[in-house]
Amino acid sequence: MNKQHILGAVTLGLCILAVFLSHQEGAQKLGAFDQWKKDFGVTYNQDENIFRRLIFEENVAKIIKHNADNTQTYEMGINQFTGLTEAEFVANYLGSWAPEGIEKIEVQEVSMRDTNDVDWTTKGGVSQIKNQGQCGSCWAFSATGVVESYALVKLGKSVNLSEQQLVDCTRNMGNYGCNGGWPYNALKYIQTKGIATEEEYPYTARDGTCKKDGGDFKINGYSQAKSCGDMINSLNTEPLSVTVDASRWSSYRAGVFTNCGTSINHAVLLVGATQDYYKVKNSWGTSWGENGYIRIGNPGQNTCGICTYGGYMPN
């Protein structure tokens with residue numbers, strides 16, 4: 001066999017191998033997409049399935065590239081949001097903004113050098129992770145979260161309060177159900193009317209009419225920590241309801257996150273702080289982040305806008 005024949009055979013072999021590897025890669029991607037749909041109970045029609053697969057593959061490629069960068073301080077991963085575009089994620093899962101009359105505080109960032117670490121998750125001061133689903137009700141979960149923590153820390157009492165009641169019954173107080181709201185307005189409702197339990201008023205992740213107004217559990221009032229330093233000091237006594245910019249949180253899996261702006265669009269619960277990070281309880285279930293939590297870098301500073309509107313605590 002002459003050299004040309006050998007070269008031709010080798011070239012043909014390489015082409016066949018490339019096609020085979022490409023097919024294998026495609027099969028692996030398709031398998032990963034199908035497994036993701038199974039894991040998160042997602043179904044699509046045929047046309048939507050093609051579109052979502054492309055979005056999924058694009059997001060997975062971003063995750064792989066990010067995790068290969070050794071300079072990053074946090075890890076990204078596949079979760080329930082991997083089939084969404086960034087715009088869809090923001091529109092469907094972020095829903096907290098300051099109502100008219102609520103002013104930004106004077107941030108006053110502080111050093112954490114002389115502060116003690118605090119983590120209310122290790123002190124029995126934080127209720128279970130919940131999942132708001134495809135409803136912009138983060139503000140309701142932030143409000144119930146801080147009141148549930150207040151009950152645990154100050155009253156020695158475990159309560160499971162109704163986010164759905166806040167979604168359905170606080171529109172006349174400045175909230176907009178699944179289209180967004182503000183934890184402060186929810187706390188006013190709990191102070192004036194009380195709140196039902198989750199068992200009495202179950203969560204549906206969609207807007208509804210108010211079926212039960214008020215409830216047996218009330219708070220006397222609430223106070224506001226009005227600077228980063230004030231928030232850190234207040235955190236020593238109990239968790240705080242806070243608001244953040246979570247626009248880039250969708251693929252977070254673990255580590256210390258700093259890649260965010262300060263355009264407030266999400267409400268969460270501040271449950272801890274160390275020399276290296278804030279610890280935050282989210283409302284996207286345990287499959288997201290560090291079992292439902294995120295660590296945010298540069299504590300004492302306004303990372304992700306966490307100090308922009310201060311923090312609220314029941315009393």
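A disulfide is a pair of cysteine sulfur atoms within 2.5 Å. The structure here is a predicted model, in which local features need pLDDT of at least 70 and side-chain atom pairs count only at pLDDT 80 or more, while totals for chains, interfaces and linings use all residues. Residues are numbered from 1 along each chain as its sequence is written, and side-chain values use heavy atoms, with hydrogens and water left out.

Q: Why is the link of Cys-260 and Cys-304 called a disulfide?
A: The S to S distance is 1.9 Å, and the cut-off asks for sulfur atoms within 2.5 Å, so the pair qualifies. Cys-260 sits in the loop between β5 and β6 and Cys-304 in the loop between β8 and β9, 44 residues apart.

Q: Why is Cys-169 called buried, while Cys-210 is called partly exposed?
A: Buried means under 20% relative accessible area, exposed over 50%, and partly exposed in between, with a 1.4 Å probe and protein chains only. Cys-169 has 7% and is therefore buried, whereas Cys-210, at 36%, counts as partly exposed.

Q: How do you know that Glu-57 counts as buried?
A: Its relative accessible area is 19%, and the limit is under 20%, so Glu-57 is placed in the buried class. Glu-57 belongs to helix α2 (residues 46-67), where helices (H or I, at least four residues) and strands (E, at least two) are DSSP runs, numbered from the N terminus.

Q: What makes the approach of the Glu-57 and Arg-53 side chains a polar contact?
A: The two side chains are 2.7 Å apart, and a polar contact is a pair of N or O atoms within 3.5 Å, of which, within protein, one must be able to donate a hydrogen and the other to accept it, while residues adjacent in sequence count only if both atoms are side-chain atoms.

Q: Why are β1 and β5 called paired strands?
A: Strands pair if DSSP finds at least two bridges between them, and 3 bridges join β1 (residues 74-76) to β5 (residues 252-257), which run antiparallel. Within this pair, Glu-75 stands opposite Ala-254.
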